[in-house]
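Here's a quick briefing for anyone opening this structure for the first time. Have the sequence and the 3D view side by side as you read.

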Amino acid sequence: MGLILGTILAVAKAAKVVVKAIAVADIAIKTLKVVGNALVKLGKTLGLIKPETKVEDLGDKAIQSEYKPEDYNSYAEYVKAVEDYKLDPEKSKNISEEEKIKKGMELAAGAMIEKYGDLPMEELCTEIGKNPDFFTEAKMDEIGNLIKSDSDFISSIVNYINGSEKNETNLEKTIDTLVKVEKSTNSSISDTDALKNVLNARK
């Protein structure tokens, strides 16, 4: 039990770190919501969050329920309990939209970090938050499906975006994949513009 508790607390801490990195002081609520929607969408595609769940509702339920991750056998179990919680509309009025979104992002990130614990999912969640123009909600289906078919794609994206990947073959493969993702979510975009967007996403 001690090992499980330690793991859950580590996941919970990592999820908070992600939100802290994304939700900097000057971030607009609109941008925060865009990022929150993208993270929750990725969680849905990966089968970790219910299809009907909205980021604000997830955060609202987590705040109202006062459930704690360490009281469950896994972070996923905690998220499920939160999703099943019945909201009190009166209490909802006293919780700001920003608080709800940030908490919802935290749960989405935590569920994904736990599932892909041996891969840099924490970094991927942070990159999604720092680059909302590239990591749109529309792309999360495609990216999620790529991760489901090969979870190492998490490392490929992170290493490409943060500039640490130097191997030309790996770079070419990741760029090709991301260009396909770009084109699948924007059918009118030219190959040149799709490639430009992918190259601009790299630090």
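Where is the place of E66? E66 sits in the loop between α3 and α4. Before going further, keep in mind that this is a predicted model, where local features need pLDDT of at least 70, side-chain atom pairs count only at pLDDT 80 or more, and totals for chains, interfaces and linings use all residues. Residues are numbered from 1 along each chain as its sequence is written, and side-chain values use heavy atoms, with hydrogens and water left out.

**Loop residues**

- E66 has a positive phi of about 60 degrees, although it isn't a glycine. For background, most residues other than glycine have a negative phi.
- E66 counts as exposed because its relative accessibility is 61% (exposed is over 50% relative accessible area, buried is under 20%, and partly exposed is in between, using a 1.4 Å probe and protein chains only).
- A28 belongs to another loop, the one between α1 (2-22) and α2 (29-45). Helices here are DSSP runs of H or I with at least four residues, numbered from the N terminus.
- With 39% relative accessibility, A28 counts as partly exposed.
- A28 and E98 are 70 residues apart in sequence, yet their C-alpha atoms are 9.4 Å apart in space.

**How α3 packs**

- Helix α3 (residues 55-65) meets helix α6 (residues 97-115) at an angle of about 90 degrees, with the axes 6 Å apart. (Axes are lines fitted to C-alpha atoms, for helices over the stretch in contact, and angles run from 0 to 180 degrees between N-to-C directions.)
- That makes α3 and α6 roughly perpendicular to each other (65 to 115 degrees counts as roughly perpendicular, under 35 as roughly parallel, over 145 as roughly antiparallel, and the rest as oblique).
- On the α3 side, the contact includes V55, E56, L58 and G59, while α6 brings residues including E97, K100, I101 and M105. Contact means heavy atoms within 4.5 Å.
- By class, the contact of α3 with α6 has eight nonpolar, two polar and six charged residues. (Nonpolar covers Ala, Val, Leu, Ile, Met, Phe, Trp, Tyr, Cys and Pro; charged covers Asp, Glu, Lys and Arg; the others, Gly among them, are polar.)
- Helix α4 (residues 75-83) also meets α3: their axes come within 8 Å and cross at roughly 95 degrees, so α3 and α4 are roughly perpendicular to each other.
- L58, K61, A62 and S65 of α3 make this contact with Y78, V82 and E83 of α4. The residues involved divide into four nonpolar, one polar and two charged.

**E56, a buried residue in α3**

- E56 is found in helix α3, and E56 counts as buried because its relative accessible area is 16%.
- Leaving aside neighbours within four places in sequence, E56 is in contact with K33, E97, K100 and I101.
- E56 and M121 are 65 residues apart in sequence and 22 Å apart in space, C-alpha to C-alpha.

**α2 alongside α6**

- The axes of α2 and α6 come within 9 Å and cross at roughly 30 degrees, so the two helices are roughly parallel to each other.
- Contacts come from α2 residues including I29, L32 and L39, and from α6 residues including E98, M105 and M112.
- This contact of α2 with α6 splits into 10 nonpolar, three polar and four charged residues.

**The nonpolar core**

- The largest nonpolar core has 59 residues, and L39, M105, M121 and I147 touch the most other members. (Such a core is a set of buried Ala, Val, Leu, Ile, Met, Phe, Trp, Tyr and Cys residues joined through side-chain atoms within 4.5 Å.)
- α6 gives the most to this core, with eight residues.

**α9 and α10**

- Helix α9 (residues 153-161) is mostly covered, with seven of its nine residues buried. They are F153, I154, S155, I157, V158, Y160 and I161.
- These buried residues pack against α7 (121-130), α8 (137-149), α10 and α11 (191-200).
- After α9 comes G163, with a positive phi near 85 degrees.
- E182 lies in helix α10 (residues 168-184) and counts as buried because its relative accessible area is 6%.
- Setting aside residues up to four places away in sequence, E182 touches F134, K139, I189, A194 and N197.
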